[in-house]
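Here's a quick briefing to read with the model open.

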Amino acid sequence: MFLCYVLKTASHPFFLHNPFLYNFAVDYGGSSQKRETGTCHRVTRAGNSEGERGRKVTEEKSHRDKGRRGNIKERRKGIKEKYEVEDECDEDAPKRMKNRDNKKTRKNEEGEKSKRKTKIKNVKEGNDGESDDVKWGRSKKKEKAKKKKGKQELVEESSESESFSEGGELPEKKEGFTQEELEQLKEAVDEKRKLIITLKGKPWPMRKKLVTLRESQQFLEKYEGALGKGKGKRVYACKVIVMKKWMKFQRDLENFKTACIPWEMKIKDIESHFGSSVASYFIFLRWMYGINLILFGLTFGLVMMPEALMGKPYGSMPRKTVPRGEEGGAMDFAVLWDFGGYAQYSVLFYGYYNNQRAIGWLKFRMPLSYFLVGVGTVAYSYMVVIRTMARNANRDGGGDDTSFNFSWKMFTSWDYLIGNPETADNKFASITTNFKESIVEEQESQKDDNIHLTRFLRVLANFLVLCCLAGSGYLIYFVVRRSQKFALDGLENHSWWERNEVNMVMSLLGMFCPMMFDVISSLENYHPRIALQWQLGRIFALFLGNLYTFIIALMDEINRKRSEEDAVKLNMTAWEAGLYNGTSVGNASGPVPVHPADVPRGPCWETMVGQEFVRLIISDTMTTYITLLIGDFLRALFVRFFNYCWCWDLEYGFPSYSEFDVSGNVLGLIFNQGMIWMGAFYAPCLPALNVLRLHVSMYLQCWAVMCCNVPQERVFKASGSNNFYMAMLLVILFLSTLPAIYTIVTIPPSFDCGPFSGKNRMFDVIQETLETDFPAWFGKVFSYASNPGLVLPFILVMILAIYYLQSTSKTYKVANLDLKKKLQTQNEENKKKNKKAALKAAAELEEAKNAATCRQETECGESGQDRDITTSRQDRDITTSRQDRDAPSQQLSRGKASVNPLFPGLYTEMHLTGKQIRIPHIKRRAQQFLVVVKQMHILCAFALL
Amino acid sequence: MGSRASTLLREEEIEEIKKETGFSHSQITRLYSRFTSLDKGENGTLSREDFQRIPELAINPLGDRIINAFFPEGEDQVNFRGFMRTLAHFRPIEDNEKNKDPTASEPLNSRNNKLRFAFRLYDLDRDDKISRDELLQVLRMMVGVNISDEQLGSIADRTIQEADQNGDNSISFNEFIKVLEKVDVEQKMSIRFLH
């Protein structure tokens, strides 16, 4: 256990944890814990010396002898056992031995455990390219983490030193405790005690007396307990045990926390082989999974479960029963797969829910809950996306010192704790990828081509892309129009192509346009990261067309269903009348019970919408998986095995292995999520389906990437928290809530299905609740608050606040950048100055040397035996000045460096202090900036809602 | 093993080592038992092969350099004293050592000495400068054949460019210190359980 902790905190760096030392740590894990936990000496120390002594048993020495040696050891550190050990060691040696053996076995077990854990830890740390603790501090974040840990250690250490070297008279730190030293300690304790008693009579000033009193009391408290004397002993032992347990618990918790991050190892593994851009997709996927899990929890816990448990059971009313006409095939797989039959008439879809105001013994307000969950899903998504964006913006705003980028990579990248060959391979890969990434960055930053040409090419490329988009937009519009006309005519009269025209056109566009964009973007010569963003943006625009057709088609369908519904309503009254007539003839005691399956019913457009979305998600998922299997896996198999018997080199030639398509996958994910947001209101099962899909995707794609893709040629660095993805997600979220809200607000719900049946509009459920479930005054207050006279000014104020915050944040940003730039230029200037100074110094040194030798020569020649006092003094002057120049490092120690421009260290110092002054300034600015950004985002969220 | 350690190691020796390295008595005996367990030849000294048997060092691309750091120039055996002297670089700096008066000779575990140790791993010819060639060698060890020579060369150039302050196209010890200024060497180059 302790080892893990050490590995984490000691954040090895470099070879610093020399591996054999590390082994050593494993062997003696138990003993080192002692030092770490400070006050726990007593218990653990005993355990350890036992461990050592245990081995001695085999050496066949006398018990007494052993007792002695153990004794000495214990004393060296654990002063406290002094008396008891001394007294017991002769008579009770055998008994104590037994005791110790027990402890020893326990210790050994612990050792085993820690060994195992270390191994695991090792593998993990090796795997993750960034295993922060182990790397030699590269980024700020890491440094911060370390500092935190450092602090923790500090606390521990301080507790230790307190318990040990209070007053400083005790040399325990040296640890070489012998009998005499223990005696000394005892004497010191006695002395203190005496001091306290006689303090009153001392002729000292009051303050000194008080201080001494307090100090000696503390001292006594500590050491009485430690020495096993007085009543402090038990308290002390308890304290030690509690402390130890607490520390252990904290370590466990830390380890547990890191182990709890799902898929962390997988993602790190991928990152080390494919670079951070591919990893950023998987991180995004994991984030998405988290969101969907919460959405799923909401719908499942507040909508599906209550209806299934407390609502009326299946078959009790028409909306909960499969109609007579469909009963025959309701259990067929084909029907179920299409979400018809029993699946359609279940909690999975809107139509199943009853409009009963309160259900079950809990009086659960089902329709209200349904409505609020629908709204809450969207609101929560907005909040999460915006919050994440704000957080990412904060992180970007920090900025770190990259002036020694390469040097740090060079000197600190290997993780010296890796002991597993497989992990070492991973680490190799990640170091290489890391270097490759920085090479790309470097090349990009140094690239200076013909700026006019690039500009022209970029404009041209954008023009081409725009043409492309406009063309495909028109095509989509044209095709949709045509299909609407066909639909009016009746689909049966048209050929297969005409019926499926829209779908075919959409998929063809989706297939070829991205390729075209790819080709066009090679004109632009952007940095790959920016190129990826452009690519994403363009495909995004294309997909919007897809979305547009889908929504148009859906709207048409809804309108058709609604007109159908009107017809059904008319028929309904006729049917009821007929029913009544039929029964009234037979007996007058009321209508004959009709089986709910026989009751005629409306088409329920809400369920239809939900079904559409579910089908879409399913087919989308299937296509993704199948393309993955065929496009990646089969292709990789083909390339790998047919390469033996093919005319050209398949691996490096034409088909080759596929690269991971980051942009396509990210967009797929984002659009998929958009569908979920749009459809979740009408099909509560959608989030559940999506969770399942993402879960499978994670494993399948991780596997596919590792097994059949090759890394991109130009691996580039992408931050794990990509705000660009988030921005697109936000746009999609906005776009997908629009139609959902539109249908909720403007279209009246179906008359015979769903929780809002019988109401004029779906949001009437709020009104109803306000009227019946709240006191009257509340409704009044609410109606006042929703008065346009109040709402409009409120919105105005909010807009003003957003504007103000935005402009302040902008200024802060600019100021931040300015200061950063200033720092950098100063840095560079200093470097230049240093170089100049060094060159000058070298020249001067030469000069001085020459001059001195000349002088000496002349002097030697001039004064043979009688030397002038003045010359000798001069001589001395010269030699000293020469010494000065010869040994600049000596000057430093003499403090002359600050006046002597010779020594570059001076500038170093100046530069440093300058930085120290400025950094807090920048930090403050940055903090202000962050606060503003945060406020802004919160306001935005409110405004949007 | 523990008993062997204490029987084979004379008290005076322990005292001397204690003075030289600052380790405590029990630490020395513990390290001695580790030393003897590494010593497969059982002749009181460690050879390079003994070190290479440690898995962490065997797979470490810079393992040989670290092993070299244990051996005085021109020798291929290291005795316990030498072993301890090298390890002393990793002893944590204790609080009471920090405010010791600066006139006393620097202990082996000072920040400077720790950095010096790291520096020597890169400085093969011990001329107190890390040259471009030396950097290239280390890079080659770290990335294998995955990156072309040309690119490695540019990395080495960049590294020197970043760190070099006096324009001699190599990294001197002072410049090395400057580079790692922000790295918490005291903590990182300390092995806590040697406390």
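Helices (H or I, at least four residues) and strands (E, at least two) are DSSP runs, numbered from the N terminus. On that basis, residues 367-386 of chain A are 100% helix and 0% strand, with end C-alpha atoms 29 Å apart. Keep in mind that this is a predicted model, where local features need pLDDT of at least 70, side-chain atom pairs count only at pLDDT 80 or more, and totals for chains, interfaces and linings use all residues. Residues are numbered from 1 along each chain as its sequence is written, chains are lettered from A and ligands numbered from 1 in the order in which they are written, and side-chain values use heavy atoms, with hydrogens and water left out.

**Chain A overall**
- Chain A has 32 helices and 2 strands.
- Take the chain A contacts (heavy atoms within 4.5 Å) with a separation of 6 or more: 77% of them join residues 24 or more positions apart.

**UniProt spans**
- The unreviewed UniProt entry puts "transmembrane region" at several stretches of chain A, including 367-386, 501-523 and 724-745; positions are in the numbering used here, feature names are shortened, and annotations may be inferred rather than shown by experiment.
- Residues 501-523 of chain A come out at 100% helix and 0% strand, with 33 Å between the end C-alpha atoms.
- For chain B, an unreviewed UniProt entry lists "domain: EF-hand" at residues 26-61, 110-145 and 151-186.
- Residues 26-61 of chain B are 61% helix and 6% strand, and their end C-alpha atoms sit 33 Å apart.

**Cysteines**
- There's 1 disulfide over all chains, a disulfide being a pair of cysteine sulfur atoms within 2.5 Å.
- Cys604(A) and Cys753(A) make it, with sulfur atoms 1.9 Å apart.
- Cys604(A) is in the loop between α22 and α23 and Cys753(A) in the loop between α26 and α27, so the link ties together parts 149 residues apart in sequence.
- Cys604(A) is buried at 9% relative accessible area, and Cys753(A) is buried at 5%.
- Cys707(A) is in no disulfide, and its nearest cysteine sulfur, on Cys708(A), is 3.7 Å away.
- Cys707(A) is partly exposed at 40%, while Cys708(A) is buried at 1%.

**Ser736(A)**
- Ser736(A) sits in helix α26 (residues 723-746) of chain A and is buried at 1% relative accessibility.
- Leaving out residues up to four places away in sequence, Ser736(A) touches Gly674(A), Trp677(A) and Met678(A).

Key
Buried < 20%, exposed > 50% of the residue type's maximum accessible area, 1.4 Å probe, protein only.
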